[in-house]
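User: I am new to reading protein models and would like to work through one by asking questions. Please show me the structure first.

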Amino acid sequence: MARDYSNWDESDVRVRANKKGSRPRTKDRPAHDDAVIGRIITVDRGRYTAILDEDQSTERVLVAARARELRRSPVVAGDFVALVGDVSGAPDTLARLVRVETRRTLLRRSADDTDPIERVVVANADQLVIVVAAANPEPRTGFIDRALVAAYDSGIAPILLITKADIKDPAELLANYENLEMTVVISRTASEGAADAASAIDARSDDGDSALLAGGAVEQLRHHLDGKVSVLVGHSGVGKSTMVNALTGSQRATGGVNAVTGRGRHTSSSALALRLADGQPGSWIIDTPGIRSFGLAHVDADRILQAFPDLQPGTDACERGCKHDAAAVNCGLDPWVAGGRAGDAGPARLASLRRLLGTSDRTEGRAEAKELGTTA
């Protein structure tokens with residue numbers, strides 16, 4: 001039976017609510033011209049700790065949540081961000097993070113050499129301190145070379161820090177990098193259970209020379225870090241957090257090495273930016289969780305080669321399109337190394353470069369990452 005609508009008026013009409021809201025959506029977002037800029041010092045489970053008004057009387061630390069429009073944008077320690085809402089830093093307050101400012105540098109890695117997804121490690125760092133132990137755990141030149149590639153690719157200056165040099169002479173390790181213009185700092189502190197490097201020195205006070213060298217390494221490294229933002233990376237158990245404690249006066253947990261696997265125990269769970277004790281304004285150290293490998297899926301072959309300045313001149317004699325790998329015919333790197341132009345470590349350096357370049361599918365890099373127990 002047909003309905004009679006002749007006597008209906010507007011009061012008889014019911015409007016169904018729009019499931020997506022009553023207001024039309026727009027792609028325009030507020031400019032947030034009133035936002036304040038802060039530096040991210042750590043990230044923990046969706047909460048971002050930032051410091052505002054650095055080195056001023058109004059300096060304060062606050063916690064923020066990321067705005068919805070930034071949900072897919074990585075925010076990491078070292079980032080400068082725009083914050084709105086309650087930016088007082090008072091207890092139990094939460095600001096809103098609405099924008100990531102332009103980054104000067106960005107240190108990245110992938111889980112392995114076949115993983116196309118980049119992991120952002122830190123932002124706006126000036127220096128990358130690559131921390132390895134002379135022994136226990138044994139140093140891996142493959143890890144150092146990968147970290148160097150990541151540093152050069154990001155425009156970050158590398159520093160090599162070798163700890164536990166009183167257990168084993170690092171001369172053989174250093175020979176691999178004698179032709180590189182890279183700052184090297186050697187620490188002879190061997191104690192793994194000490195709360196910081198200073199107490200490790202005190203514990204060895206009977207041996208004046210070792211104590212002096214250990215303390216000297218801390219001061220030498222402090223000199224290189226003063227006035228800059230530096231990120232420390234290394235395997236667990238190499239003494240990274242111990243050195244951070246000595247440089248910053250913090251109490252980051254420290255750990256030893258598993259006697260069965262020879263690998264370090266993770267003691268840092270998230271990247272944390274800490275001020276260099278008695279440093280100039282802007283002196284920050286970013287301690288990162290222990291990692292075992294830098295995947296380089298995001299770095300192309302030409303940029304990997306740039307991390308080997310002792311070998312790169314040899315490519316001038318290469319034929320056009322040379323891939324510089326072991327299968328390459330008439331690769332200029334072979335006579336360059338054979339002629340001693342890359343030093344005594346040339347053959348080992350060339351082998352390392354070719355492992356990183358690998359084949360088109362980076363199978364060797366994937367095998368190395370698996371061997372080292374790469375973590376994302």
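User: How many cavities of 30 Å³ or more does the count come to?

Analyst: The model is a predicted one. A cavity here is a set of points where a 1.4 Å probe fits but cannot get out. With 30 Å³ or more as the limit, the count of cavities comes to 2.

User: Which strand gives the largest share of the lining of the second largest cavity?

Analyst: The second largest cavity holds about 50 Å³ of space. Its lining includes V131, V132 and A133, and strand β8 covers residues 127–133. The largest share of this lining, 3 residues, therefore comes from a DSSP run of type E, namely strand β8.

User: By class, how many residues in the lining of the second largest cavity are nonpolar, polar and charged?

Analyst: Among the lining residues are E138 and R140, and Glu and Arg count as charged. By class, the lining has 7 nonpolar, 1 polar and 2 charged residues.

User: Is the peptide bond from N136 to P137 cis or trans?

Analyst: Most peptide bonds are trans. The bond from N136 to P137 has omega near 5° and is cis.

User: Which residue other than glycine has a positive phi, near 65°?

Analyst: Most residues other than glycine have a negative phi. The residue asked for is found in the loop between β4 (80–85) and β5 (95–100). With phi near 65°, it is D92.

User: Which strand gives the most to the lining of the largest pocket?

Analyst: The largest pocket has a volume of about 490 Å³. Of the 20 residues that line this pocket, the closest to its centre are V76, V120, V121, A271 and P289. By class, the lining divides into 12 nonpolar, 4 polar and 4 charged residues. The strand giving the most, with 4 residues, is β7 (residues 118–123).

User: How are α1 and α8 placed relative to each other?

Analyst: The axes of α1 (residues 141–154) and α8 (residues 346–357) come within 10 Å and cross at roughly 65°. Angles of 65 to 115 degrees count as roughly perpendicular. The two helices are therefore roughly perpendicular to each other.

User: Which residues in α8 do D145, R146 and V149 in α1 meet?

Analyst: α1 passes α8 in a right-handed crossing. The residues of this contact divide into 2 nonpolar, 1 polar and 3 charged. On the α8 side, D145, R146 and V149 meet R349, S352 and L356.

Methods:
Residues numbered from 1 in each chain as written. Predicted model: local features only at pLDDT ≥ 70, side-chain atom pairs only at ≥ 80, totals over all residues. Heavy atoms only, no water. Axes fitted to C-alpha atoms, helices over the stretch in contact; angles between N-to-C directions. Parallel < 35°, antiparallel > 145°, perpendicular 65-115°, else oblique. Left-handed = near helix turned anticlockwise from the far one by under 90°. Contact = heavy atoms within 4.5 Å. 1 Å grid on protein atoms, 1.4 Å probe; cavity = no way out; pocket = protein on both sides within 12 Å on 5 of 7 lines; lining within 4 Å. Points joined across faces, edges and corners; volume = space filled by probe spheres on them.
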